[in-house]
Amino acid sequence: MTVENWQAESSLTECVRMMYENHLDDGDITFKVGTEGAVVKAHKFILMCRSSVLCDMVKDGEALTINDIEPDLFRQFLEFLYTDKTKVTEENLEGLLFCADKYKTCLLAAQCRSSVKGFISTSIVCKVMEIAHRFNDTEIFEICLKKVDAHTPDFFFTEEFLNMCPSCIYKIVQRDSIFASEKVVFDQVDRWSKEECKRRGLPEKAENQREVLGDILKEIRFPMLEHQFLNDVVCETGILNDKEKVDILRQQLKAKCTKLCMFKKRERKWKATNLMICSVGPRMISNNLHDLNQLTRIAFTVQRNAFLLGIHLNMESLQRKDSRAIENLVVRIEPRDDRDTDQFIVPFSKCVAEKYINLY
């Protein structure tokens, strides 16, 4: 197909795109767009075909004024009307969804959803969730939540999480699919509430934390937490009142409740399911005393991005009198990439005294 005779072998869609991109016809309807009233021309036939709202607007053929959309965005909207395609980015997502909603162009909204899957990241997930909330777009909201699911628990430790709005925090904490223990959920929501108090200019006090948390507090699965953590950490914050503490205790004791429970007692689906262990080294600790000072390793690789949830040491093999000559047990985590090595030193007296140690 030659440029001079592009109409001969092109489809209708291709011909319309060529006409639009090369401005071969100025159009028969004029819009004054944006705060400056920029002149943008289009074709009534195309507009009437693509949008019932625009169909009603352009029937009279008079110049139309659009104040709530800026010229660049309106031209991009027209590009979609003419060609069925336009580039959706983080920057123009909200504007294009606004156009799709205002002019009832469902195909444009569908393209926005499809594009979000390609560029969504944890750094912008809150922004996109707020946009989805504004337009009541449950599909985009779910895309964002799945992105959060895929990056927990490490997402909880990011600045992006601490800067989220309350509605986003609520939607995240509400989910059963969080890949994190309830301790992590509580700790990080507690941190978020303190940051939210600062943003609102409130003193960092328990009653203010309860105020900013609102319904978020009810989504934390307190009955799933261990008694020691509840007593030493949760109760010390002062966030829970006495009635809530009693409710949690009754649930943990499985006592008969005459009223509906205040908090959910349902485990989240946070256990690892996609960890692919490729190689495992020798036992970390030998049964022979003279081997205890030797360097031993446990090595593994994974076939996807993974988050190390913890290291659990079984110290049964060291419960012997002849092993007390060892001063410390040193455990090192050595990633193969450029990240720093973590090192933990456990006093050997603790190894002898305790059967199990949750190291990390």
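Author: Welcome! The model is predicted, with local features needing pLDDT of at least 70, side-chain atom pairs counting only at pLDDT 80 or more, and totals for chains, interfaces and linings using all residues. Residues are numbered from 1 along each chain as its sequence is written, and side-chain values use heavy atoms, leaving out hydrogens and water.

Reader: What makes α7 and α10 roughly perpendicular to each other?

Author: The axes of α7 (residues 125-134) and α10 (residues 166-173) cross at roughly 100° and come within 10 Å. That angle falls in the 65 to 115 range, so the two helices are roughly perpendicular. Here axes are lines fitted to C-alpha atoms, for helices over the stretch in contact, with angles from 0 to 180 degrees between N-to-C directions. Helices are DSSP runs (H or I, at least four residues), numbered from the N terminus.

Reader: Which residues of α7 and α10 meet?

Author: From α7 come C126, M129 and E130, and from α10 come C168, K171 and I172. By class, this contact has four nonpolar, no polar and two charged residues. The nonpolar class holds Ala, Val, Leu, Ile, Met, Phe, Trp, Tyr, Cys and Pro; Asp, Glu, Lys and Arg are charged, and the others, Gly among them, are polar.

Reader: Why is C126 called buried?

Author: Buried means under 20% relative accessible area, exposed over 50%, and partly exposed in between (1.4 Å probe, protein chains only). C126 has 13% relative accessibility, so it counts as buried. C165, at 16%, counts as buried too. In α7, V125, V128, M129, I131 and A132 are buried along with C126. The elements covering the buried residues of α7 include α5 (93-102), α6 (106-119), α8 (138-150) and α10.

Reader: What makes N136 exposed?

Author: N136 has 65% relative accessibility, over the 50% cut-off, so it counts as exposed. N136 lies in the loop between α7 and α8, and its phi is near 50°, a positive value in a residue other than glycine. K104, in the loop between α5 and α6, has a positive phi as well, near 55°.

Reader: Is T105 buried or exposed, and how do you know?

Author: T105 has a relative accessible area of 5%, under the 20% cut-off, so it is buried. T105 is found in the loop between α5 and α6. Leaving aside neighbours within four places in sequence, T105 is in contact (heavy atoms within 4.5 Å) with residues including R50, F77 and C99.

Reader: And what makes N231 partly exposed?

Author: Its relative accessibility is 47%, between the 20% and 50% cut-offs, so N231 counts as partly exposed. N231 lies in helix α13 (residues 227-237).

Reader: Which residues touch the most other members of the largest nonpolar core?

Author: Those are F31, F74, M164 and F222, in a core of 75 residues. A nonpolar core is a set of buried Ala, Val, Leu, Ile, Met, Phe, Trp, Tyr and Cys residues joined through side-chain atoms within 4.5 Å. Helix α4 (residues 71-83) supplies the largest share of this core, seven residues.

How values were computed. Parallel < 35°, antiparallel > 145°, perpendicular 65-115°, else oblique.
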